[in-house]
Amino acid sequence: MNIYLISRKVHRYLTLVTACSGLIMMITGLILKYPHLFDFLNFSLAQYLHNQMSIIFGILLLGMAISGLIMYFLPIIKANSQKDKQDNI
């Protein structure tokens with residue numbers, strides 16, 4: 001399988017997982033910012049979840065960035081290498 005297609009598939013899945021983890025981070029962040037609106041929820045649990053999800057979110061975002069850079073630069077590199085091969089002929 002082509003590295004571009006693998007990178008594209010990984011990027012697609014990471015986008016979905018990052019969106020879901022971002023939603024969890026958004027909800028826990030709102031609980032932390034406005035604790036008076038969420039009196040019925042456990043503040044320390046929201047703080048713990050937000051702290052733990054930030055690590056996962058960062059790793060997922062890094063994976064998305066790497067796969068995105070591969071998808072961006074790989075066609076450019078291939079086009080330049082093909083151009084160099086045609087110039088040598």
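Helices (H or I, at least four residues) and strands (E, at least two) are DSSP runs, numbered from the N terminus. By that rule, this protein has two helices and zero strands. Threonine 28 sits in helix H1. The model is predicted: local features need pLDDT of at least 70, side-chain atom pairs count only at pLDDT 80 or more, and totals for chains, interfaces and linings use all residues. Residues are numbered from 1 along each chain as its sequence is written, and side-chain values use heavy atoms, with hydrogens and water left out.

**Overall shape**

- Along the principal axes, the C-alpha atoms fill a box of roughly 75 × 20 × 15 Å.
- The protein has a radius of gyration of 21 Å, whereas a compact globule of 89 residues would be near 12 Å.
- That radius is taken over C-alpha atoms, and the globule rule is 2.2 Å times the number of residues to the power 0.38.

**Surface and contacts**

- The protein exposes about 6900 Å², and carbon and sulfur atoms supply 70% of this area.
- Accessible areas come from the Shrake-Rupley method with a 1.4 Å probe; for residues, only the protein chains shown count as cover.
- Of the 89 residues, 18% count as buried.
- Buried means under 20% relative accessible area, exposed means over 50%, and partly exposed lies in between (1.4 Å probe, protein chains only).
- Take the contacts (heavy atoms within 4.5 Å) with a separation of 6 or more: residues 24 or more positions apart account for 67% of them.

**Threonine 28**

- Threonine 28 counts as buried because its relative accessible area is 6%.
- Leaving aside neighbours within four places in sequence, threonine 28 is in contact with Ala46, Leu49 and His50.
- The side chains of threonine 28 and histidine 50 are joined by a polar contact of 2.8 Å.
- A polar contact is a pair of N or O atoms within 3.5 Å; within protein, one must be able to donate a hydrogen and the other to accept it, and residues adjacent in sequence count only if both atoms are side-chain atoms.

**Leucine 41**

- Leucine 41 lies in the loop between helix H1 (3–33) and helix H2 (43–88).
- Its relative accessible area is 38%, so leucine 41 is partly exposed.
- Leucine 41 and isoleucine 27 are 14 residues apart in sequence and 12 Å apart in space, C-alpha to C-alpha.

**Isoleucine 56**

- Isoleucine 56 belongs to helix H2.
- With a relative accessible area of 43%, isoleucine 56 is partly exposed.
- Isoleucine 56 and threonine 18 are 38 residues apart along the chain, and 8.8 Å separates their C-alpha atoms.
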